[in-house]
Amino acid sequence: MAKPLVPDELWERIEPLIPKQPSKPKGGRPPIEDRKALTGILFILKTGIAWEDLPQEMQCGSGMTCWRRLRDWQEAGVWEALVQLLLDELREANQIDWSRAAVDSAKARAMGGGEKTGPDPTNRTKPGSKHHVVTDANGIPLNVTLTGANRHDVTQLLPVIDGIPPVTGKPGHPRQRPDQVYADRAYDSQPHRKQLRERGIEPHLAKRNTDHGSGLGIYRWVSERTLSWLHQFRRLKTRYDRREDIHEAFIKIAQALICFRSLNW
């Protein structure tokens, strides 16, 4: 049998983060339950279908109802809080390896353009976006960001690393910085190496115009695998949402689901 989109273990973590809906006057149709709306949102994320095609037999409400909940919960910081919660749990369980991190990016076709899109130089300048990810040594996504497809990878090296949230879960100060960072030739930059060292991070950035076989790939591959996991969510592999906040909400949910799955490995 297919697994539920919102298992009890996941809902127990999300429910306390969702703002309570204000009470409405008696009469009229009652609002869709939050868990059912979340089921619809995850169905859209995983299948990539249009909002208006959400099957009514799922009893998740209309696509527009689910869209509004996704928007409102994004504004309330629910998805950021969920990622933070899961990262804290992973650190508490000794499942985050801070000894090294890997950075990479992947492109997504943006149907119809929108915010944080740009001409993709490798796809006849059609509009696209990039997903930038930094993972720990095991491939757990510590941060994922969104830019236009025309943004060069190296420009996002420091922002994606600086965007790692302070992760608690253990006594003492939160952890936010890996010991080392690995990245491919697209991130080759002496100024960035210097700035990483100033942050206490040892850079391992492959150099351009050198023979292949640097050996760094044995550490970098985890970020490529994580990007592959992200793009298994079809709503991320092809971007249909013109609004950046909606697409970024989907990104955070996918990041949270990967972290949740990692807790049960």
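Is Tyr219 buried, exposed or partly exposed? Tyr219 comes out as partly exposed, at 29% relative accessibility, on a scale where buried means under 20% relative accessible area, exposed means over 50%, and partly exposed is in between (1.4 Å probe, protein chains only). The model behind this value is predicted, so local features need pLDDT of at least 70 and side-chain atom pairs count only at pLDDT 80 or more, while totals for chains, interfaces and linings use all residues. Residues are numbered from 1 along each chain as its sequence is written, and side-chain values use heavy atoms, with hydrogens and water left out.

Next come the aromatic contacts. A pair of aromatic rings is described by the distance of the centres and the angle of the planes. Here, rings of Phe, Tyr and Trp (its six-membered ring) pair if their centres lie within 6.5 Å; planes under 30 degrees apart count as stacked, over 60 as edge-to-face and the rest as tilted. That rule gives 3 aromatic pairs. One of them is Trp51 with Phe250, which counts as stacked because the ring centres sit 5.8 Å apart and the planes meet at 20°. This pair ties together distant parts of the chain, 199 residues apart: Trp51 is in the loop between α2 and α3 (63-75), and Phe250 is in helix α9. Helices (H or I, at least four residues) and strands (E, at least two) are DSSP runs, numbered from the N terminus. Both Trp51 and Phe250 are buried.

Tyr219 turns up again in a tilted pair with Tyr182, at 4.7 Å centre to centre and 45° between the planes. This pair also links distant parts of the chain, with Tyr182 in strand β5 (residues 180-183) and Tyr219 in helix α7 (residues 217-230), 37 residues apart. Tyr182 is buried, with a relative accessible area of 6%, whereas Tyr219 is partly exposed.

On to the charged side chains. Side chains of opposite charge can pair when their charged atoms come close. With a salt bridge taken as a side-chain nitrogen of Lys or Arg within 4 Å of a carboxyl oxygen of Asp or Glu, a search of the whole structure finds 17. Among them, Asp188 and Arg193 meet at 2.9 Å, N to O; Asp188 is buried at 18% relative accessibility, and Arg193 is buried at 5%. Arg175 and Asp179 form another, with their closest N and O atoms 2.8 Å apart, and here Arg175 is partly exposed at 23% and Asp179 is partly exposed at 40%.

On a 1 Å grid over the protein atoms alone, a cavity is a set of points where a 1.4 Å probe fits but cannot get out, and a pocket is an open set with protein on both sides within 12 Å along at least five of seven lines; lining residues have an atom within 4 Å of a point. Grid points are joined across faces, edges and corners, and a volume is the space filled by probe spheres set on the points.

The largest pocket holds about 470 Å³. It has 15 lining residues, and the closest to its centre are Lys3, Pro4, Lys46, Phe260 and Arg261. Both α2 (34-47) and α9 (244-263) supply at least two lining residues each, with α9 giving the most, 4 residues. The lining has 10 nonpolar, 2 polar and 3 charged residues, where Ala, Val, Leu, Ile, Met, Phe, Trp, Tyr, Cys and Pro count as nonpolar, Asp, Glu, Lys and Arg as charged, and the others, Gly among them, as polar.

As for cavities, the count is 1 of 30 Å³ or more. The largest cavity has about 50 Å³ of space, and its lining includes Leu10, Trp79 and Ile253. The elements giving two or more residues to this lining are α1 (8-14), α2, α4 (78-92) and α9, and α9 has the largest share, 3 residues. By class, the cavity lining has 9 nonpolar residues, no polar and no charged.
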